[in-house]
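Me: I'm new to this one and would like a quick tour. Could you take my questions one at a time?

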Amino acid sequence: MLRTFDYEKMPIVEIVNEMIVDASKRGASDIHFDPMIEHMRARIRIDGDLIDYTTIPNTLKRNLITRIKIVSGMNITEVRLPQDGSIKATIKDVNLDLRVSCIPTSNGEKIVIRILDYSMSLKGLEHLGFSDTNYKKMSKMISTPSGIILVTGATGTGKSTTVYSILQRLNKEDTNLVTVEDPIEMNIPGINQIQVSPEIGLDFANVLRSILRQDPDIIMIGEVRDNETARIAVRASITGHLVLSTVHTNNSLNTIERLLDMDVERYLLASALEGIVSQKLARKLCDKCKKLRPTNDYEKKLFKKTLNLDVNETYTAVGCPECGSGYKGRIAIHEVLLINQEIRDAIANNIRKDELRELVYKSDVTTLLQDGMEKVYKGYTSFEELIKLIELDDDVEGTVQEYKYDLNKALEDSELSKKANENNSKNINSTIPTQQVSPVPNQQTNTTPIQPNEVTTNN
């Protein structure tokens with residue numbers, strides 16, 4: 001439901017504060033102010049989806065933009081160039097850390113406010129949704145004294161949360177830990193954090209060269225963006241330092257290829273790379289309204305292929321006043337690759353991509369699809385949500401369209417059945433006196449976990 005404000009009586013300062021606080025309390029990650037011809041539209045992103053929040057009259061559009069630019073430290077007279085800013089304040093007893101971006105569009109300036117939430121990072125690695133197997137790999141990976149560990153994924157998939165959780169684990173009194181970030185997203189006591197400033201020549205590569213003279217034990221690089229940074233990071237990791245960083249790639253194999261494309265020498269990468277953590281974020285099913293439904297043929301086939309399980313029922317989203325859409329919160333899906341000697345030799349010897357793929361995914365690694373299917377099986381997320389996130393293997397790709405057709409057909413049949421029931425109900429009510437019709441009690445949603453007799457494992 002759209003939020004309404006009394007724009008005639010409320011001052012613009014109070015309106016902006018109320019929007020930010022309300023969005024934060026709803027669990028939003030971003031607030032979008034989109035200029036349009038008739039008005040300004042405000043939207044908030046909750047659990048990865050943008051939803052309409054409110055509309056702002058054009059008469060107040062300039063005042064609202066000016067207010068946000070003032071509190072975020074932007075130049076209010078500059079309307080032709082993009083600007084970035086930040087807000088750190090306590091509004092209505094809510095501690096806020098915001099990143100603000102402003103760009104010019106044909107209809108005026110568009111502003112996006114990113115609401116930073118560090119609660120998951122502060123809880124630690126054990127609260128990030130890692131399976132037992134992946135958590136043990138992570139613990140082993142970050143206990144190595146040197147090498148490079150990469151956290152990969154698209155924008156907004158929780159890479160920074162994972163990296164900061166690792167830093168919290170490694171932050172000890174006897175360790176010199178230095179980070180190079182753009183921007184510094186979370187201030188951690190005991191860690192030396194450096195903000196890059198390319199306009200004065202303080203970029204990742206230059207800072208890294210200076211850090212190596214500061215006797216560091218652990219180095220965190222916000223992101224490997226260019227060839228020079230990649231090469232310096234890898235060289236730093238083979239000289240006795242543990243290096244953490246992020247890369248925008250989809251999985252472990254693509255990460256290895258990306259580093260090689262950045263002109264990192266094969267022999268250096270083979271000896272330096274310790275592990276790769278790839279992740280995506282899936283919407284989490286609402287515990288109060290999720291219900292079991294029968295699996296279709298495609299889902300049974302995929303459960304069998306990935307988990308070697310015969311699954312007859314799976315959870316699906318319903319929707320209730322608590323969640324609205326059937327989903328509440330998000331859960332991470334991981335692929336954790338711990339580099340072994342066989343993979344190191346393969347990287348150094350420049351074997352073909354298909355051979356490297358076979359080697360990587362037969363090295364006791366749980367793929368994103370397998371980890372996602374396990375979380376679907378346990379009722380954390382739905383199959384419909386997973387199919388939107390994961391790239392399926394070639395041998396099952398041909399059945400994706402069949403699944404989508406079956407799903408759409410099932411939804412259509414459900415709607416037709418619902419309408420038929422409504423028509424039947426109307427016909428019955430027209431022939432039976434009202435006082436003789438007894439109300440049908442509401443059926444309770446079945447949220448019982450999958451029982452052991454519903455699933456059989458083939459050894």
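This is a predicted model: local features need pLDDT of at least 70, side-chain atom pairs count only at pLDDT 80 or more; totals for chains, interfaces and linings use all residues.

Me: Where is Glu274 placed?
Reply: Go by the DSSP runs just described, where a strand is E over at least two residues. Residues 273-285 form one such run, and Glu274 belongs to it, so the place to look is strand β12.

Me: Is Glu274 buried or exposed?
Reply: Buried means under 20% relative accessible area, exposed over 50%, and partly exposed in between (1.4 Å probe, protein chains only). Glu274 has 15% relative accessibility, so the answer is buried.

Me: Which residues does Glu274 touch, leaving out those up to four places away in sequence?
Reply: Contact means heavy atoms within 4.5 Å. On that basis Glu274 touches Met141, Thr144, Ser146, Gly147, Ile148, Ile149, Leu337, Leu338, Ile339 and Arg344.

Me: How is Leu269 set up, buried or exposed?
Reply: Leu269 sits in helix α9, residues 266-272. Setting aside neighbours within four places in sequence, Leu269 is in contact with Val234, Ile256, Leu259, Leu260, Val264 and Ile347. Its relative accessible area is 0%, so Leu269 is buried.

Me: How many Å apart in space are Leu269 and Arg344, C-alpha to C-alpha?
Reply: In sequence, Leu269 and Arg344 are 75 residues apart. In space, going from C-alpha to C-alpha, the figure is 8.2 Å.

Me: What percentage of the residues of the protein count as buried?
Reply: The protein has 16 helices and 17 strands. Among its contacts with a separation of 6 or more, residues 24 or more positions apart account for 64%. Of its 459 residues, the share that counts as buried is 45%.

Me: How many disulfides does the count come to?
Reply: A disulfide is a pair of cysteine sulfur atoms within 2.5 Å. The sulfur of Cys286 has its closest cysteine sulfur in Cys323, at 3.8 Å, so that pair is too far for a bond. For Cys289 the closest cysteine sulfur is also in Cys323, at 3.7 Å, again too far for a bond. The count comes to zero.

Me: How do helices α8 and α12 pack, and in what crossing?
Reply: Axes are lines fitted to C-alpha atoms, for helices over the stretch in contact, and angles run from 0 to 180 degrees between N-to-C directions. Helix α8 (residues 252-261) packs with helix α12 (residues 353-360) at about 135°, with axes 10 Å apart. A crossing is left-handed if the near helix is turned anticlockwise from the far one by less than a right angle, and right-handed if clockwise, and α8 passes α12 in a crossing that is right-handed.

Me: Which residues of α8 meet α12?
Reply: On the α12 side, the residues are Lys353, Leu356, Arg357 and Val360. On the α8 side, they are Ser252, Leu253, Ile256 and Glu257.

Me: In what crossing does α10 pass α13?
Reply: Helix α10 (residues 297-307) and helix α13 (residues 368-377) pack at about 120°, with their axes 10 Å apart. The two are therefore oblique to each other. The crossing of α10 with α13 is left-handed.

Me: Which residue does a cis peptide bond join to Asp182?
Reply: Most peptide bonds are trans, and most residues other than glycine have a negative phi. Here omega is about 0° for the cis bond. Asp182 is joined to Pro183.

Me: Where is Asp47 found, and what is its phi near?
Reply: Asp47 is in the loop between β2 (39-46) and β3 (49-57). With a relative accessible area of 16%, Asp47 is buried. Its phi is positive, in a residue other than glycine, and is near 55°.

Key:
Residues are numbered from 1 along each chain as its sequence is written. Side-chain values use heavy atoms; hydrogens and water are left out. Helices (H or I, at least four residues) and strands (E, at least two) are DSSP runs, numbered from the N terminus. Angles under 35 degrees count as roughly parallel, over 145 as roughly antiparallel, 65 to 115 as roughly perpendicular and the rest as oblique.
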